Amino acid sequence: IFAPRVFIAVFWVVMPIFPCYAVILVVGRRLLAELAQQSSHMSAKTRSAHKDIVKGLIIQSCLPAVNVICMGSYLLMQLHLVGVGALGLVAQMCGEVVISTNPLISLYFVRPYRQYVAFRFSSRKT
């Protein structure tokens, strides 16, 4: 791993998550500040919808933190501190959790989607 080419390749895979996550946090903070400033001009229904959407966005912005587990396990495997076996599956499963959770968060936190799903899966009499 300490050969220059290998080190650069591992660094390129592991390190971008940290600046990307910092950008997500900064943009999220600015978004919340702007929405708080503009909330006096909104109706109660619009404020509620924005609050739900912002909650969903915050949760979605936290999902890349799961990738830190992936990157950490990848780094441990590259440093030969642990075997590839089950840890290789952990890295893959973490990525799949992020991919599969994103649409579910949107379905839950965007009210029209949530209402449609609730309507479709509710037990209704015909």
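In this predicted model, helix H4 is followed by His-80, a residue whose phi is positive, near 60 degrees. Helix H4 itself covers residues 64–78, and its buried residues pack against helices H2, H3 and H5.

**Helix H4**
- With 15 residues, H4 reaches 21 Å from its first C-alpha to its last, which is close to the 21 Å expected at 1.5 Å a residue.
- The buried residues of this helix are Pro-64, Cys-70, Ser-73 and Met-77; seen down the axis of H4, they fall within an arc of 150 degrees, so they line one face of the helix.
- The packing partners of these buried residues are helix H2 (17–38), helix H3 (44–62) and helix H5 (85–109).

**Nonpolar surface patch**
- A nonpolar patch on the surface is formed by Phe-7, Ile-8, Phe-11, Met-15, Phe-18 and Val-68, which together have about 570 Å² of accessible area.
- Helix H1 (residues 4–14) gives the most to this patch, contributing three residues.
- Ile-8 has its place in helix H1, and it counts as exposed because its relative accessibility is 56%, where exposed means over 50%.

**His-50**
- His-50 lies in helix H3 and counts as partly exposed, because its relative accessibility is 30%.
- When residues up to four places away in sequence are not counted, His-50 touches Leu-35 and Met-42.
- Although His-50 and Phe-109 are 59 residues apart in sequence, their C-alpha atoms are 9.8 Å apart in space.

Notes:
Residues are numbered from 1 along each chain as its sequence is written. This is a predicted model: local features need pLDDT of at least 70, side-chain atom pairs count only at pLDDT 80 or more; totals for chains, interfaces and linings use all residues. Side-chain values use heavy atoms; hydrogens and water are left out. Patches are made of residues with over 30% relative accessible area and no salt bridge: like charges are joined within 9 Å, nonpolar side chains (Val, Leu, Ile, Met, Phe, Trp, Tyr) within 5 Å. Accessible areas come from the Shrake-Rupley method with a 1.4 Å probe; for residues, only the protein chains shown count as cover. A salt bridge is a side-chain nitrogen of Lys or Arg within 4 Å of a carboxyl oxygen of Asp or Glu. Helices (H or I, at least four residues) and strands (E, at least two) are DSSP runs, numbered from the N terminus. Buried means under 20% relative accessible area, exposed over 50%, partly exposed in between (1.4 Å probe, protein chains only). The expected span of a helix is 1.5 Å times one less than its number of residues. The arc is that of the directions from the helix axis to the C-beta atoms. Contact means heavy atoms within 4.5 Å.
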